[in-house]
Amino acid sequence: MPVYKVNVKWGKEKFNEVECNTDEAPLIFKSALYSLTGVVPERMKVMVKGKAIGDDSWTGIKNLKNNITMMMMGSASELPPEPAEKTQFIEDMSESQVNQASDYPPGLHNLGNTCYMAATLQCLKTVPELKEKLEQSSGQFTRQSMVGSEGICAAMKQLYKEMDTTSEPVTPLVMLKVLHMTFPRFAERGEGGVFQQQDANECWTELMRMMSEYLPGQGSTSTETVRKSFIEQYFGGENITTMKCSETDAEPETKAVEKWTQLRCHINTDVRYMQLGLTMGLKENIEKTSSTLGRNAVYVKTSNVNRLPSYLTINFIRFFYKEKENINAKVLKDIKFPMEYDAFELCTPELKEKLAPGRDQFEAIRQKKIEKELSGKDIKNKHDLAKEDNKEVRYEPHSFPDDTGSSNSGYYELQAVLTHQGRSSSSGHYVAWVRHKEDNWIKCDDEKLSIVKDEDVLKLSGGGDWHVAYTLLYGPKRCPIWEEDSKEDTKEDKKEEPVVPEMEKME
């Protein structure tokens with residue numbers, strides 16, 4: 001069935017030339033109306049010549065054509081009814097009810113091979129600065145802005161807002177619609193008209209590119225050089241690269257600056273740990289035309305990181321193209337990754353020197369803890385005291401004062417993992433694993449949520465057909481502000497003058 005441009009009348013308002021694709025489920029069309037009116041599909045009724053459009057099929061809807069007028073009913077401000085269920089104690093709840101009663105994020109319904117999108121969105125949602133920036137953005141849905149960077153940011157803003165106000169699984173209809181309109185290749189269908197599986201890291205990269213175009217950078221000081229985009233600030237790194245021809249000394253080496261939002265972990269027979277895979281990616285041989293030799297020659301390209309972002313994304317190069325089978329085959333090898341990562345060894349000497357003060361703060365805390373253990377004194381920092389008193393923990397800044405969104409220490413903590421299960425990037429299943437509290441993680445498998453521990457996440461390193469880490473998101477390791485408990489020290493250090501009996505004074 002073809003695609004029509006229809007008019008939709010809703011009360012006193014009328015929306016002209018709304019795209020109605022009858023090859024898609026009517027629920028997708030209703031999601032577009034939701035983006036225009038704010039009426040959720042569950043409270044929406046759309047009529048065509050007296051016939052109501054369902055959610056799953058266009059059966060019974062005839063004589064559709066361009067410029068036809070549909071009638072829509074439903075209120076965007078209707079309040080939900082009061083809960084009729086009685087209060088339940090946690091020991092009487094099922095596992096799903098416990099998840100809903102806790103402060104866990106909601107899952108996302110799978111709309112047909114959309115796990116790649118759901119897993120990506122769940123991982124990115126763990127970045128509080130990104131959520132705040134989206135909330136502050138002015139992006140809105142119009143017929144013109146539903147495609148492109150503004151539409152993507154508006155859809156993410158709306159989705160995250162909805163996820164923050166419910167514990168029930170959310171249906172990301174608008175997000176999927178905007179993604180398909182902006183990137184038609186993600187809307188490709190396979191046999192039976194079902195959406196084809198897509199590469200989650202490709203989706204991740206495209207979302208970052210769209211947000212980079214729409215979300216402007218921000219500065220914290222008047223002397224700061226504000227970077228072009230928010231994504232460049234908080235996710236973007238910079239490498240100083242040196243290119244040297246290995247076939248002649250007559251050609252001088254050249255230097256350049258390369259920007260990135262992901263570091264690549266290369267995998268071969270020698271790589272067993274993430275650090276080695278990252279280090280290998282900083283030195284490579286490439287072939288290009290030599291102006292000195294007048295022919296193609298081999299060059300050695302060496303890179304070192306000259307700027308680290310607050311949020312470090314690492315992509316494992318697990319897929320390679322098999323021409324014979326015409327698929328992106330998967331490398332299943334076990335590559336270990338840490339819960340805490342130190343990127344210091346990847347950096348230029350200049351950046352290492354710049355990172356030293358921030359790293360000294362962590363070393364000072366470590367030394368204080370050693371002193372505490374050796375002396376037996378009950379020395380506490382504000383992090384410990386806040387835990388005891390249930391107060392908010394205060395931290396040292398994790399960015400340089402003149403570079404918002406940077407890392408001033410090179411220390412990171414793992415906060416989200418995107419995994420793939422299967423043998424090809426265009427098949428299988430994607431899942432997000434996000435840190436919740438301390439060593440508790442949430443496995444976000446579409447709408448199904450489950451609690452896992454650190455050791456379960458570390459098992460995602462590969463080696464078999466289980467879920468395998470594909471993209472890692474490291475956040476800044478926060479340094480708590482240390483302050484000795486002055487009250488305890490006063491009691492311990494203050495020596496009171498002994499009381500002398502009156503008779504002894506007289507003698």
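Helices (H or I, at least four residues) and strands (E, at least two) are DSSP runs, numbered from the N terminus. By that rule, Lys 443 is found in strand E17 (residues 440–445). The protein as a whole has 14 helices and 19 strands. This is a predicted model, in which local features need pLDDT of at least 70 and side-chain atom pairs count only at pLDDT 80 or more, while totals for chains, interfaces and linings use all residues. Residues are numbered from 1 along each chain as its sequence is written, and side-chain values use heavy atoms, with hydrogens and water left out.

**Overall picture**

- Of the 507 residues of the protein, 44% count as buried. Buried means under 20% relative accessible area, exposed means over 50%, and partly exposed lies in between (1.4 Å probe, protein chains only).
- The accessible surface comes to about 27,300 Å². Carbon and sulfur atoms hold 49% of that surface. Areas come from the Shrake-Rupley method with a 1.4 Å probe; for residues, only the protein chains shown count as cover.
- Contact means heavy atoms within 4.5 Å. Among contacts in the protein with a separation of 6 or more, 67% are between residues 24 or more positions apart.

**Confidence**

- The average pLDDT of the protein is 84, and 83% of the residues score at least 70. pLDDT is the predictor's confidence in each residue, from 0 to 100.
- Residues 87–91 stay under 50 in pLDDT. The model gives them three contacts beyond four places in sequence.
- Residues 485–497 are also below 50. That stretch has six contacts in the model beyond near neighbours in sequence.

- Strand E15 spans residues 411–421 and is mostly covered. Eight of its eleven residues are buried.
- Two strands pair if DSSP finds at least two bridges between them. E15 and strand E19 (residues 468–476) pair in the antiparallel sense over eight bridges. Tyr 412 has Pro 476 in E19 as its bridge partner.
- Six bridges pair E15 with strand E16 (residues 429–437), again in the antiparallel sense. Here Val 417 has Trp 433 as its bridge partner in E16.
- Strand E14 (residues 340–342) runs antiparallel to E15 and is joined to it by three bridges. Glu 340 stands opposite Glu 413 in E15.
- In a regular strand the side chains alternate between the two faces of the sheet.

**Aromatic pairs**

- The structure holds nine aromatic pairs. Rings of Phe, Tyr and Trp (its six-membered ring) pair if their centres lie within 6.5 Å; planes under 30 degrees apart count as stacked, over 60 as edge-to-face and the rest as tilted.
- Phe 362 and Tyr 411 have ring centres 5.0 Å apart and planes at 75°, so this pair is edge-to-face.
- Phe 362 lies in helix H10 (residues 349–375) and Tyr 411 in strand E15, so the pair ties together parts that are 49 residues apart in sequence.
- Phe 362 is buried, at 15% relative accessible area.
- Tyr 116, Phe 183 and Phe 186 are linked into a cluster by ring pairs.

**Salt bridges**

- A salt bridge is a side-chain nitrogen of Lys or Arg within 4 Å of a carboxyl oxygen of Asp or Glu. The count comes to 18.
- Asp 403 and Arg 307 meet in one, at 2.9 Å, N to O. Asp 403 is in the loop between helix H11 (382–389) and E15, and Arg 307 is in strand E10, 96 residues apart. Both residues are buried.
- Glu 247 and Arg 295 form another, with their closest N and O atoms 2.9 Å apart. Glu 247 sits in the loop between strand E6 (237–245) and strand E7 (254–260), and Arg 295 in strand E10 (residues 295–307). Glu 247 is partly exposed at 37% relative accessible area, and Arg 295 is partly exposed at 42%.
- Arg 185 and Glu 202 also meet in a salt bridge (2.6 Å, N to O). Arg 185 lies in the loop between helix H6 (173–182) and helix H7 (200–214) and Glu 202 in helix H7, so the pair ties together parts that are 17 residues apart in sequence.

**Around Lys 443**

- Lys 443 is buried, with a relative accessible area of 15%.
- Leaving aside neighbours within four places in sequence, Lys 443 is in contact with residues including Trp 433, Leu 449, Trp 466 and His 467.
- Lys 443 and Lys 453 are ten residues apart in sequence and 9.7 Å apart in space, C-alpha to C-alpha.
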